Amino acid sequence: MFHFADMTESLLDGHTAAHVARGVARLFARNDIWCLAEMPLRGGRRADLMGVDPKGRVIIVEIKVQRGDLLGDGKWPDYLDHCDRFYWGVPPGFDHSPLDGEGYRPDSCGIIVADGYDGEIVRPAPLVPLAAARRKVEIERLARASLRRATVAFDPHCSPWGVIE
């Protein structure tokens with residue numbers, strides 16, 4: 001089973017990716033958005049957080065706690081094909097000015113600043129709707145992954161069965 005604690009990237013003033021994930025999850029939960037950490041996507045990518053809002057829209061959050069990791073990440077545009085809204089999740093004090101540059105598509109991506117206690121949307125993510133059939137596939141994959149994790153948490157002996165994430 002995956003936990004936010006599994007996200008152990010380097011610290012920025014004591015903030016790990018797990019802290020940012022927990023803060024984002026709390027922000028989302030207050031807004032009836034439920035998410036799963038480390039969600040595998042088709043094509044071999046893995047979303048740090050993937051969730052569904054009350055209207056059935058898919059949201060992905062890519063967490064960055066190191067500037068070098070942000071600047072060296074060329075794979076992030078692949079996530080846009082799997083969600084209706086995309087956010088960058090960063091800790092307080094993180095210089096997110098590069099996210100305002102054209103290479104990071106500020107017109108397509110929001111920014112959430114979060115720590116281990118809470119999060120705040122500092123730039124809303126615009127809605128870029130997925131095709132209905134694609135959204136259905138993504139929500140079903142998210143539901144199956146969530147159910148598998150819940151089942152394995154309840155009975156670890158079930159872990160060898162089914163599709164491994």
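Helices (H or I, at least four residues) and strands (E, at least two) are DSSP runs, numbered from the N terminus. Just after helix 1, aspartate 32 takes a positive phi of about 60°. This is a predicted model, in which local features need pLDDT of at least 70 and side-chain atom pairs count only at pLDDT 80 or more, while totals for chains, interfaces and linings use all residues. Residues are numbered from 1 along each chain as its sequence is written, and side-chain values use heavy atoms, with hydrogens and water left out.

**Helix 1**
- Helix 1 covers residues 17-30, and its end C-alpha atoms are 20 Å apart, which agrees with the 20 Å that its 14 residues should span at 1.5 Å a residue; the expected span is 1.5 Å times one less than the number of residues.
- Ala17, Val20, Val24 and Phe28 are among its buried residues (buried: under 20% relative accessible area, 1.4 Å probe, protein chains only).
- The cover over these buried residues includes strand 1 (34-40) and strand 6 (119-123).

**Nonpolar cores**
- A nonpolar core is a set of buried Ala, Val, Leu, Ile, Met, Phe, Trp, Tyr and Cys residues joined through side-chain atoms within 4.5 Å.
- In the largest core, of 23 residues, Met50, Ile60, Trp76, Phe86 and Trp88 touch the most other members.
- Strands 1 to 5 and helix 3 (132-154) each give two or more residues to this core.
- A second, separate core of 17 residues includes Phe28 and Ile112.

**Glycine 56**
- Glycine 56 lies in the loop between strand 2 and strand 3.
- Beyond its neighbours within four places in sequence, glycine 56 is in contact with Arg135 and Ile139 (contact: heavy atoms within 4.5 Å).

Terms used
Buried means under 20% relative accessible area, exposed over 50%, partly exposed in between (1.4 Å probe, protein chains only).
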